Number of protein chains: 2
Amino acid sequence: MHYTRDNMASLLRSHDINPTHQRIEIAHALFSRQEHLSADQVMAIVNTRHSETSKATVYNTLKLFLEKGLVREVIVDPSKVFFDPNTSPHHHLYEIDTGHLSDIDASHVQISGLPPLPDGMVTEGIDLIVRVRRKA
Amino acid sequence: MHYTRDNMASLLRSHDINPTHQRIEIAHALFSRQEHLSADQVMAIVNTRHSETSKATVYNTLKLFLEKGLVREVIVDPSKVFFDPNTSPHHHLYEIDTGHLSDIDASHVQISGLPPLPDGMVTEGIDLIVRVRRKA
DNA sequence: CACCAATCTGGACTTTGTCTAATATCCGGA
DNA sequence: TCCGGATATTAGACAAAGTCCAGATTGGTG
Ligand SMILES: [Mn+2]
Ligand SMILES: [Mn+2]
Ligand SMILES: [Zn+2]
Ligand SMILES: [Zn+2]
């Protein structure tokens, strides 16, 4: 399955999102790269060559994708949020020096011994972030 | 051991920090409460009654505390950083609705199966965040 | 074509955080 | 005590990420 714009349209429809030109471009930026991108980076990618999509639309669209479960949010840098086209459960490795964020497959990682949740609470997600730095 | 201002001064000295009036007040805000506070919250606490400490000093001081290992940074909310007076290894529970952040004791939690680090990299820390929401 | 709802847009605005140049404080030596 | 330099604090300008809104576009449908 390639990440053509047509396939992006189907993907959007399957998540109950009306596939407009801008939404298709933004989805294509994320899914064709399979990388963690900030709103700023998405903006830059989508607007290479000629400017097509406004800042407001980029933010609105990413928020929409989030609500519809098409992407996931990764909060590891205090100065910007990353959007992640990989919504399967997985963890993250963050290289502090470079700002590069990569996936850690969850299938072999095991987390045990977490205390029971407070009453009336339900888990929205468990984020495990390994912060690394180049050895001195 | 109470969190008197005198004890704060000793604590600062023991971390190689020159204990000034402002630094003592900021340390006192964090340690007497033993809570996770944002820079904004620290600012508000320290400046109740009469204004004493500037925004620049609050940020400078929190960064200094961080460098000297007196506090830890917790990144869970895309809109602000929390500072944590508890530097022992522990995890966090984040209530998305309220923004409230609490500690999870690390002693019973076990994380296994993490892949080996990329070459030349060293772990700076492992953050485990359980995001919860009030049940619908 | 005319209409309506959904979408997109520029730009003003807010918030968190940084930077800088001027001032204040502290401390050791003469 | 007075001086001089180092350290610390400050106000306010600035920057970057993100939000908001009122007006313009778009894309069907009758
Ligand atoms: Mn294009
Ligand atoms: Mn006071
Ligand atoms: Zn990921
Ligand atoms: Zn904590």
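The legends below describe several close-up views of one predicted model.

In this predicted model, local features need pLDDT of at least 70 and side-chain atom pairs count only at pLDDT 80 or more, while totals for chains, interfaces and linings use all residues. Residues are numbered from 1 along each chain as its sequence is written, chains are lettered from A and ligands numbered from 1 in the order in which they are written, and side-chain values use heavy atoms, with hydrogens and water left out.

**View 1. The secondary structure of chain A.** Chain A comprises four helices and seven strands, where helices (H or I, at least four residues) and strands (E, at least two) are DSSP runs numbered from the N terminus. Read from the N terminus, the elements follow the order α-α-β-α-α-β-β-β-β-β-β. The C-alpha trace of chain A spans about 50 × 45 × 30 Å along its principal axes.

**View 2. The packing of helix 1 against helix 2 in chain A.** Helix 1 (residues 5–14) of chain A packs on helix 2 (residues 21–33) of chain A at an angle of about 105 degrees, and their axes are 9 Å apart; the axes are lines fitted to C-alpha atoms, for helices over the stretch in contact, and angles run from 0 to 180 degrees between N-to-C directions. Helix 1 of chain A is therefore roughly perpendicular to helix 2 of chain A, a description that covers angles of 65 to 115 degrees. Among the residues making the contact (heavy atoms within 4.5 Å) are Met8(A), Leu11(A) and Leu12(A) of helix 1 of chain A, together with Ile24(A), His28(A) and Phe31(A) of helix 2 of chain A. By class, this contact holds seven nonpolar, one polar and three charged residues, with Ala, Val, Leu, Ile, Met, Phe, Trp, Tyr, Cys and Pro counted as nonpolar, Asp, Glu, Lys and Arg as charged, and the others, Gly among them, as polar.

**View 3. The interface of chain B with chain A.** Here 36 residues of chain B are in contact with 36 residues of chain A. The two chains bury about 3,300 Å² between them, 63% of it on carbon and sulfur atoms; buried area is the accessible area (1.4 Å probe) that two parts lose on being put together, summed over both. Ile75(B), Met121(B) and Arg131(B) supply 18% of the area that chain B buries against chain A, more than any other three residues.

**View 4. The protein surface near DNA strand C.** DNA strand C is surrounded by 18 residues, and the closest include Thr20(A), Gln22(A) and Lys55(B); a residue is near a strand if one of its heavy atoms lies within 4 Å of it. Sugar and phosphate make up 73% of the atoms of DNA strand C that come within 4 Å of the protein. The surface near DNA strand C divides into five nonpolar, seven polar and six charged residues.

**View 5. The protein surface near DNA strand D.** Around DNA strand D there are 19 residues, with Lys55(A), Thr20(B) and Thr57(B) among the closest.

Notes
Angles under 35 degrees count as roughly parallel, over 145 as roughly antiparallel, 65 to 115 as roughly perpendicular and the rest as oblique.
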